[in-house]
Amino acid sequence: MRAVRLSVVTAATTVAALAAVTGCSSKSDSKSADGAIQVTASDDACKLSKTEFAAGHVQFAIENKGSKITEVYLLFPDDRIVAERENIGPGTKQNLTAEVKAGSYEVACKPGMKGNGIRQKVTVTGGAQTPKRDPKLDAAVAAYRTYVQQQADETLPKLKTFTDAIAAGDVEGAKKAYAPSRIGWERTEPVAESFGDIDPKTDVREDGLEKGQTWTGWHRLEKALWKDGKIGDEEKKLGVQLSTDIADWQKRVGTAEITPTSMANGAKELLDEVATGKVTGEEERYSHTDLVDFKANVEGAQKAYELLKPVASKNDPALTAELDKQFTAIEAQLDKYRTDKNSYEFTSYDKVGEGDRKQLSDGVNALSEPLSKLAAAVAK
Amino acid sequence: MSDTTDAGAGTTDAAGGATSSAPSRRSLLGWGGAGLALGAAAAGGAVAAVRGDGDDAVPAAETGAAVPFYGAHQAGIATAVQDRLHFAAFDVTTKDRGELIKLLKDWTAAAARMTAGQTVGEGAYGGLAEAPPDDTGEALGLKPSRLTLTIGFGPSLFAKGRFGLEGKRPEALVDIPKFPGDNLDPARSDGDLCVQACADDPQVAVHAIRNLARIGMGKTAIRWSQLGFGKTSSTTPDAQTPRNMMGFKDGTRNVSGTDTAALAKHVWVGDKDGSPWMTGGSYLVARRIRMHIETWDRTGLQEQEDVFGRDKGEGAPVGKAKERDEPFLKAMKPDAHVRLAHPDSNDGATILRRGYSFTDGTDGLGRLDAGLFFLAYQRDVRKGFLPVQRSLARNDALNEYIQHVSSAIFAVPPGVRDKDDWWGRALFS
């Protein structure tokens, strides 16, 4: 965990404040829909009254004529959300406004609030053109966004196993479920941290607390389980709180701003997390499950890298050759600490000697150094 | 100027000129390539022997000239000792011989630039905003500060099954035996490679090691490193011998960096010494010697002087008046340091000392973690360091106040001849 950091992906709140492209779905949007774009959603269609309109404040008048609850999104080409309206019940009308710059977008209706939705391409004309980007990079960002969302979605049930055990006062069960509940978060940590308000509640360590801040989240429960060996009423409340905070993250993660270079630097920052927190054993000082986090950080970095590789390998083939090699090397190093390559049961980190820690640290450096050059290779 | 020793000999009077004409890193950048910068420096006479060890009014770091990188011998051995040290020992982590060679070439290129006062690669700023710059930047605006970078190869590099070098390990690259009293920490001993960075400005020395370490990541990893200050011996005999942390002048009778005959005899490896690739090179022994500072400071003056065999004020040997008066060894106590270390007590064994004082703060007990980082160059360790240390370890009165805590030995190859040459080319070809 790092304190609030906004370098990788700008928090959605910041994006809103910057008003570069502001999604706005406030209740005051009920003024007349003059010039509004009519969106007619049904269970199998998403009709727009026009697919080309002028930049500026754009209003959508949405009507759900289907039988399922639906959602309507305005999306950037890389699937980032410009604006959204959720929970549109059958037979109801909602308005959605957004400040939109010229460029290409998509509108998606999601009957049943599931899947990629029914898509429509739309064009916004006039005003300043957004700079053109390699479509391959847009695809990489879109795929990474899907990955991040997937990780967050998959975290919820794993976290539930953990918090259910907490609620039941089952220390051993909670201990077993602790590390797995963190994997999705650790794989996408730079994005997770971009929401400056969530990370301090879920992933702060005791020495990272500010004066007056209450210690909540995974590591507070880690201490209760491993150091104190008991679950009290306080811990049960904290378990509920953690579920709420992670559910909040899962809902908001799709709104994070992600760019090709932030993906690349996010990959490097995942390795920085390993270099500063995991390799020292500081992160999981009670549970000693640092190698699980380590593995998840590496996997998250590798995902971002693999998605950017088609572009990076064209611009700097020597770099991607080196990165391929170093990712393989670090995986082989990590595999030495687990008996089953499909399991996330790693050697307890307090059993990893100083010499082996040095080797892991060297391995992280060997990967991080070239990884720090990935952003440049993508931006060329 | 193919030989740093000759360079030193020819320019003893050039210090003043160097002071005024010393280029800053920035201005060197503006001049273009390294060759240009070196050419200009050489023309101005600002070469190896800018003297920072006398009683100069101007601090050495401000004279800041560049020491030529190319030559028959590596700079940093016979070169007049600079004020500061960053010494680093590396483990080679790659198993690929080709990668190791590529690393040595990359290091050579970076070393040539940095010793000339230039930045690494494309510099420290002005590149892509999203990418880290090639150079770390902390030496921007600083002068070359007589930076020298000297590489060495440890015995482990020649191990069987590593890089196919087992047949090339010189006999003189011995495994140093454990001496009585040694308390060696393996975590800061040995190493496959070493780089000695000496400069008159500590930031310049640290910048050099940091950037080489960075370039090496994935192929090498730093095993241990040591910072040093306050050189403890001089290779310029007409200057006053610097004092060690015990307040004594030690190493007065050092090999002079300008004495080509003594260097050829005791320091440079000859072409008949058995390992042709080492001709023009030398062997380096590095020992971190911790001093028990607090107990030393509680020791009476007479005993302190008896321990060394010199007086504390002038540094004169027992019974003599001046520091450089020829010592009369028999007048000293049998266990006096100078008596035991003297070539006359060791069949003429002579080494070129280049050590630095170190202080790494205090230890957990509040004792000053300080001492001497001993660096000695010689033509053959078996005729240099080993006999001297054998005699010292057994009998030296100083042993009560010191402890050797780390040890390493390296084969230091000859100099890089020109731009097409690289550190260790003869070893790998």
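The structure holds 50 salt bridges over all chains, a salt bridge being a side-chain nitrogen of Lys or Arg within 4 Å of a carboxyl oxygen of Asp or Glu. This is a predicted model, where local features need pLDDT of at least 70, side-chain atom pairs count only at pLDDT 80 or more, and totals for chains, interfaces and linings use all residues. Residues are numbered from 1 along each chain as its sequence is written, chains are lettered from A and ligands numbered from 1 in the order in which they are written, and side-chain values use heavy atoms, with hydrogens and water left out.

One of these bridges joins Glu99(B) to Lys325(A), with the closest N and O atoms 2.1 Å apart. The pair crosses between chains, running from helix H6 of chain B to helix H10 (residues 317-335) of chain A; helices here are DSSP runs of H or I with at least four residues, strands are runs of E with at least two, and both are numbered from the N terminus. Glu99(B) is buried at 16% relative accessible area, while Lys325(A) comes out as partly exposed at 36%. For these labels, buried means under 20% relative accessible area, exposed over 50%, and partly exposed in between, with a 1.4 Å probe and protein chains only.

Across the interface of chain A and chain B, the rule finds two salt bridges. Glu369(A) and Arg214(B) also meet in a salt bridge through their side chains, at 2.8 Å from N to O. As for the interface itself, 14 residues of chain A are in contact with 12 residues of chain B, contact meaning heavy atoms within 4.5 Å. About 1000 Å² is buried between the two chains, and carbon and sulfur atoms give 55% of that; the buried area is the accessible area (1.4 Å probe) that two parts lose on being put together, summed over both.

In chain B, Arg367(B) and Asp363(B) meet at 2.8 Å, N to O; Arg367(B) is partly exposed at 38% relative accessibility, whereas Asp363(B) counts as buried at 19%. In chain A, the side chains of Lys351(A) and Asp350(A) pair up at 3.8 Å, with Lys351(A) exposed at 63% and Asp350(A) partly exposed at 40%. Chain A also has a network of linked salt bridges, whose members include Arg182(A), Glu186(A), Asp203(A), Arg205(A), Lys278(A) and Asp293(A).

Turning to the nonpolar residues, the largest nonpolar core has 71 of them, and Trp107(B), Leu149(B), Phe153(B) and Leu157(B) touch the most other members. Such a core is a set of buried Ala, Val, Leu, Ile, Met, Phe, Trp, Tyr and Cys residues joined through side-chain atoms within 4.5 Å. Helix H6 (residues 97-115) of chain B gives the most to this core, with nine residues. A second, separate core counts 68 residues, among them Val148(A), Ala174(A), Val279(A) and Tyr337(A).

Chain A has 12 helices and 10 strands, and 52% of its 380 residues are buried. Of its contacts with a separation of 6 or more, 71% come from residues 24 or more positions apart. Five of the strands form an open sheet of mixed pairing, in the order S4-S10-S9-S6-S7; two strands pair if DSSP finds at least two bridges between them. Strands S4 (52-54) and S7 (81-88) stand at the edges with a single partner strand each, so one side of each is left without a neighbour in the sheet. Within the sheet, S6 (residues 70-75) and S9 (residues 103-109) run antiparallel over four bridges, and Leu74(A) stands opposite Val107(A).

In chain B, strand S5 (residues 282-291) is mostly covered, with 10 of its 10 residues buried. Ser282(B), Leu284(B), Ala286(B), Arg288(B) and Arg290(B) point one way from the strand, and Tyr283(B), Val285(B), Arg287(B), Ile289(B) and Met291(B) the other way. In a regular strand the side chains alternate between the two faces of the sheet. S5(B) pairs antiparallel with strand S9 (residues 402-412) over 10 bridges, where Ile289(B) stands opposite His404(B). S5(B) also pairs antiparallel with strand S8 (residues 368-378), over eight bridges, and there Ala376(B) is the bridge partner of Val285(B).
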